[in-house]
There are 2 protein chains.
Amino acid sequence: MKYLATTLLLAVLLLTGCNQPETERTEWALALHGGAGTISKDIPDTLKQQYYDGLRQALRTGEIILREGGSALDAVEYVVRNLEDNPLFNAGKGAVFTAEGKHELDAAIMDGSTLGAGALTGLTTVKNPISLARIVMEESPHIFFSGVGAEEFANQTDVERVENDHFFTETRYQQWQRAQTGEANNYPKAAWTEGDYFGTVGAVALDINGNLAAATSTGGMTNKQFGRVGDVPIIGSGTYANHVAAISATGWGEQIMRNVSATTIANYMEFNGASLDEAIDFVLTQRLNPGDAGFIAVDAYGNISMKMNTAGMYRGSIDSNGNRVVMIWEDE
Amino acid sequence: MKYLATTLLLAVLLLTGCNQPETERTEWALALHGGAGTISKDIPDTLKQQYYDGLRQALRTGEIILREGGSALDAVEYVVRNLEDNPLFNAGKGAVFTAEGKHELDAAIMDGSTLGAGALTGLTTVKNPISLARIVMEESPHIFFSGVGAEEFANQTDVERVENDHFFTETRYQQWQRAQTGEANNYPKAAWTEGDYFGTVGAVALDINGNLAAATSTGGMTNKQFGRVGDVPIIGSGTYANHVAAISATGWGEQIMRNVSATTIANYMEFNGASLDEAIDFVLTQRLNPGDAGFIAVDAYGNISMKMNTAGMYRGSIDSNGNRVVMIWEDE
């Protein structure tokens, strides 16, 4: 009987005990991304250095907040603001051009401890869309505003405004010119294979109080049709945070949306007992196709995961144990 | 050793064999809703009869399509069109008024067999938003268009257009007048407790080829702020279909969105081995609060579930085994 009980216990352990995440909690943790895609390894060293510097600066912004006991929500907002203000990345200043030659910005933020969320699509005059998303989250009974209504919501706040051409950069203008000509017949894949056409910035964090938060911001796709909404402001697809994990996605928006990728990662952990790495692998390999997307995520224990099925993703992470990483390609 | 093997097998069965859904597949199945909320039992008999008749007519539309071997996608589109054209329900003709005294319509459709999806928010002149959502799904590389961009997309199609005041009904106008006055201080809960202020129509179906589809359409919330996007057009929240289940939600949009309710139901089934009923119960009791929402859903075996944590939901279902139901309250 004793032998039987032991065997039964063993069977139970075998069936339920696999794939458990680390249970010792890291005090705080932060990860960020600046977009995923086919990033050429031939980019000039000076430009490469600018990307690394940009990622490090943004990491440092979040590190200071989290180290001093600040909230995960503050950390992800200010990291994303920093990336929005950096013209290298496709969000805020540096956003890509729409088919009409303008800039339409999307952003979302989510507080995993309350499930509070704020999201916007089609902003044209808000300098830092992520900060307006936070105001939506904190001050509106609604979660999501679009287009002219989003601009009208902004008018009721003291968020910083700019002319639409504030978002102009020469690099994005050249990309748009190319997208309008030769690649029109093979849209959107032709754009995607050039990597920088899609792009997003995002941050996820765990703070010392154990709260998780996620934030994502983007200028969308180069040459996108007027009014197209991608995955970034869709709570559950490009951005999600709850008590299990905080996730921010980047890549081919429509693919991320139809798989409701961010929430599926959190659900796979919660319902299947999978680790964060395993859950992201599941979505990248069982739900998405090669070349579709990348994810940054942190779980409630401070485990960080940054994975993609693209050739590259601008990314970085840091935690209270002193681990610090900044990478672009897979093999670095 | 034989006894041990039997015991082990028993343990495995105990651990994995519970909560399995029915595995014998119903040929085809259809469910629909016309909104959930606190629906007064004191509504006049004639009006009650109109609701039952409306639900039966819509069911009949889908029944004819599915019985004759039509697709789940056709069934959900035409059922929702029928409900959009019925002024009793808050979608298409009969849509509620926005804070500005106009009508803004949202809709989404999803094909579970391909994960194809189409969604729109802020439509003002499209008679049947669900049919435009299907065109987005089938003809655009994008999934989701908002506001003026959504109207511009419509201009490129031959979808039927109307003036915005086509959507006017006296009943909704009176609701809007009431919402603008006494209830402004207690928004949105005051509106919600009146039931009909929120409202949605939706349909889910399984066809004889085993394909699942879901569709949802709405006029949003009475007195909603300009540009507010609710759960209906959010793939994963108000509308979702994959190989496991097709789900359409109705209720307090923001609560449905922050819990990514529809996809969480499908994921809970897939990752946890739960039945459709168990998955909906999980979301209604563990994720949402009493009074928040209702769901209609069908799984790949043709099991139908229609559940809510509100006092009522206009709903109906039919399947190839001859089961036919039309209900408003829980205890009928």
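Two strands pair if DSSP finds at least two bridges between them. Strands (E, at least two residues) and helices (H or I, at least four) are DSSP runs, numbered from the N terminus. The model is predicted: local features need pLDDT of at least 70, side-chain atom pairs count only at pLDDT 80 or more, and totals for chains, interfaces and linings use all residues. Residues are numbered from 1 along each chain as its sequence is written, chains are lettered from A and ligands numbered from 1 in the order in which they are written, and side-chain values use heavy atoms, with hydrogens and water left out.

**View 1. Strands β4(A) and β7(B) pair across the two chains.** The pairing is antiparallel and runs over two bridges. In β7(B), R228(B) is the residue opposite F145(A).

**View 2. An open sheet has nine strands.** Their order is β13(A)-β12(A)-β1(A)-β5(A)-β6(A)-β2(A)-β3(A)-β4(A)-β7(B), with mixed pairing. At the edges stand β13 (324–329) of chain A and β7 of chain B; each has a single partner strand, so one side of each lacks a neighbour in the sheet. Within chain A, β1 (residues 29–37) and β5 (residues 201–206) pair in the antiparallel sense over five bridges. Here A29(A) faces L206(A) of β5(A).

**View 3. Chain A meets chain B through 52 residues on each side.** Contact means heavy atoms within 4.5 Å. The buried area (accessible area, 1.4 Å probe, that two parts lose on being put together, summed over both) is about 4,400 Å², and carbon and sulfur atoms give 65% of it. H142(A), R258(A) and F271(A) supply 16% of the area that chain A buries against chain B, more than any other three residues.

**View 4. A salt bridge joins R287(B) and E270(A).** Their side chains meet at 2.6 Å, N to O. A salt bridge is a side-chain nitrogen of Lys or Arg within 4 Å of a carboxyl oxygen of Asp or Glu. Between chain A and chain B the count is two salt bridges. Elements that give two or more residues to the side of chain A that touches chain B include α1 (2–16), α9 (261–272) and α10 (276–287) of chain A.

**View 5. A rotation of 180° superposes chain A on chain B.** The shift along the axis is 0.0 Å and the RMSD is 0.0 Å, by least squares on the C-alpha atoms of residues with pLDDT of at least 70 in both copies. The two copies are thus related as by a two-fold rotation axis. Of the interface residues of chain A, 100% are also interface residues in chain B, so the copies meet through the same surface.
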